[in-house]
Amino acid sequence: MMDRQIVGIDHGNRNIKTGNTIFLNNINELSTKPDDLSRVLEYKDRFFEIGGVPEEKKPLRDKTLTDDYYFLTLAAIAQEFRKRGIRQTGNEIMVRLAVGLPPRWYQEQMKSFREYLSREKEITFRYQNIPHKLRLEGTRVYMQGFAAITDILDKCTGTTLLVDIGGGTMDTVEIVNKVPDRKRTLIDNYATIKCITHINEILVAELGEKAPPSLIEQIMREGTCECDKEYLRVITRELRNYGDYVYKWIESNGYNLRLVKIIFMGGGACILKNFGDNENKNVSFITDIHANAKGYEATERRIMHIKQQKHKMV
């Protein structure tokens, strides 16, 4: 019997996330097969280096315009299989993909993104010199953010604003009585990548040198770090300023910060948790950067379970 695996993938503008893995979405095609295959995807006699060091990129509104996210999807499946301890034994592994799109583009791009990822039913490739042979059973596209909070929807009575702060964009959707309102979505490009770039511009202007992005990200996550006090002072000040920007942006779009319930999630949620002015506000935080991927996967498992139960009853 063919193995079946449901794999949730969050195709971010900075990172690719599955339920158990995360890697930078950098991808570079190589002219020849390299000696070091530790980050290499081999697909139809083409070689791609995956990940590496952070690069500043413009967020893509439509991820189907190039093949990059297709190849990154294959790498994500391979990395998730490795974490799950799944080894290719020669037989095909049946895969169901559960993915997502930002609320603003969900309705417009859902079909094309599903077709983009479903272009092949039988897929053969190597990643990190490990062979993979897959049969794609299906792809389902969910609304980014919403799928990650299905387990806490009972608390979302009245109006709740879900704010997903990723690498390239900050996306919101209004949830009214547990149902997302697709007409009430917002998007802003001042997300974590631009925040880090801005902080380094301020550091150069005030202290003469940049800080490594990884150090700024550590301070975002943990609220502090053991580093030069002047650098820490400037970085924390600018992160507080970013938190102020987010709240002012929400307010400028018609929300009363003292009344609306706000759930922050994504890589930038920790900035608001650690540096935001959260007093007199009804806010909560989902700081697990894998939350979207886990949400897609969990929702797909529930749907498949319901279908199986209905099939048994027939």
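**View 1. F113 and Y116 sit about one helical turn apart in helix α2.** The two residues are three apart within this helix, which spans residues 103-117; helices here are DSSP runs of H or I with at least four residues, and strands are runs of E with at least two, both numbered from the N terminus. This is a predicted model, where local features need pLDDT of at least 70 and side-chain atom pairs count only at pLDDT 80 or more, while totals for chains, interfaces and linings use all residues. Residues are numbered from 1 along each chain as its sequence is written, and side-chain values use heavy atoms, leaving out hydrogens and water.

The structure holds 12 aromatic pairs (rings of Phe, Tyr and Trp, the latter by its six-membered ring, with centres within 6.5 Å; planes under 30 degrees apart are stacked, over 60 edge-to-face, the rest tilted). F113 and Y116 are stacked, because their ring centres are 6.1 Å apart and their planes meet at 15 degrees. Both residues are buried (under 20% relative accessible area; exposed is over 50%, partly exposed in between, with a 1.4 Å probe and protein chains only).

**View 2. Y247 and F264 form an edge-to-face pair.** Their centres lie 5.7 Å apart, with 80 degrees between the planes. Y247 belongs to helix α5 (residues 229-252) and F264 to strand β14 (residues 261-265), so the pair ties together parts 17 residues apart in sequence. Y247 is buried at 4% relative accessibility, and F264 is buried at 0%.

**View 3. The charged end of R119 sits over the ring of Y70.** It lies 4.2 Å from the ring centre (the rule: NZ of Lys or CZ of Arg within 6 Å of the centre and within 35 degrees of the ring normal). Y70 also belongs to a cluster linked by ring pairs, together with Y43, F48, F71, F113 and Y116.
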